[in-house]
Amino acid sequence: MIGNAIRQKFPDSRGTEVAISLLERLQEALRHCGDYQSLSQEILTGTDIDSGLTEGNSDSLLGRHGGCNVIPSSGEDGQCCDLVLALARGKGKGEQSFKNVLRKLREHLIHCKGTQVAVLLSDRWAPEEFEESRMDIEGHVRQGMIFIPVLVTETSLTIFST
């Protein structure tokens with residue numbers, strides 16, 4: 001189901017299969033972990049927090065993607081990968097808040113111009129907070145990047161339109 005939605009939205013994009021593979025793996029991992037908080041902690045625990053880099057290997061929750069940048073990280077510049085996964089949880093001013101994660105994603109996309117796929121996982125959608133980032137993200141999409149915002153509810157992932 002996730003694969004069909006992505007193929008319809010990005011039929012000829014070079015990062016389509018990578019995005020599908022990542023989201024299918026995340027869907028499976030979410031079911032295994034039981035909730036989004038546990039899933040995001042599991043992902044962040046497997047991340048080099050200083051660089052925000054997760055090595056892509058078959059044992060990783062993120063699967064085999066040749067590496068994946070993960071947000072949030074400590075903000076130090078690390079190796080740029082074709083794929084970035086941004087994990088937003090809750091509202092407020094915390095490191096994983098929707099607004100802060102979007103800001104860090106924008107910073108990442110400026111630093112890592114070759115990013116092919118950006119996936120935003122969030123347990124809430126805040127259109128008023130997204131507006132601050134909309135034009136920047138749309139600019140990257142016009143340059144060929146795939147941006148996939150995903151709402152996490154209990155044990156399922158839903159791709160939504162911005």
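Q: What does Gln 116 touch, not counting residues up to four places away in sequence?
A: In this predicted model, Gln 116 touches Arg 14, Gly 15, Asp 82, Gly 144, Met 145 and Ile 146, where contact means heavy atoms within 4.5 Å. Gln 116 itself lies in the loop between helix 4 (98–111) and strand 4, helices (H or I, at least four residues) and strands (E, at least two) being DSSP runs numbered from the N terminus.

Q: Why is Gln 116 called buried?
A: Buried means under 20% relative accessible area, whereas exposed means over 50% and partly exposed lies in between (1.4 Å probe, protein chains only). Gln 116 has a relative accessible area of 18%, and therefore counts as buried.

Q: Is Glu 129 buried or exposed, and what makes it so?
A: Glu 129 has 19% relative accessibility, so this residue is classed as buried. Glu 129 lies in helix 5 (residues 127–142) and, leaving out residues up to four places away in sequence, touches Phe 98, Lys 99, Leu 102 and Arg 124.

Q: Which elements do the buried residues of helix 5 pack against?
A: They pack against helix 4 and strand 5, and the buried residues of helix 5 are Glu 129, Phe 130, Ser 133, Arg 134, Ile 137 and Gly 139.

Q: Where does helix 5 bend?
A: Helix 5 bends by about 55° at Ser 133, the bend being the angle between axes fitted to the seven residues ending there and the seven starting there.

Q: What makes a set of residues a nonpolar core, and how many residues has the largest one here?
A: A nonpolar core is a set of buried Ala, Val, Leu, Ile, Met, Phe, Trp, Tyr and Cys residues joined through side-chain atoms within 4.5 Å. The largest has 27 residues, and those with the most contacts inside it are Leu 23, Val 119, Leu 121, Ile 148 and Leu 157. Helix 2 gives the largest share of this core, seven residues, while a second, separate core of 16 residues includes Phe 98, Val 101, Ala 126 and Ile 137.

Q: Where in the protein chain is confidence lowest, and where highest?
A: By pLDDT, the predictor's confidence in each residue from 0 to 100, strand 1 (residues 53–54) is lowest at a mean of 47, and strand 4 is highest at 96. Local features need pLDDT of at least 70 and side-chain atom pairs count only at pLDDT 80 or more, although totals for chains, interfaces and linings use all residues. Residues are numbered from 1 along each chain as its sequence is written, and side-chain values use heavy atoms, with hydrogens and water left out.
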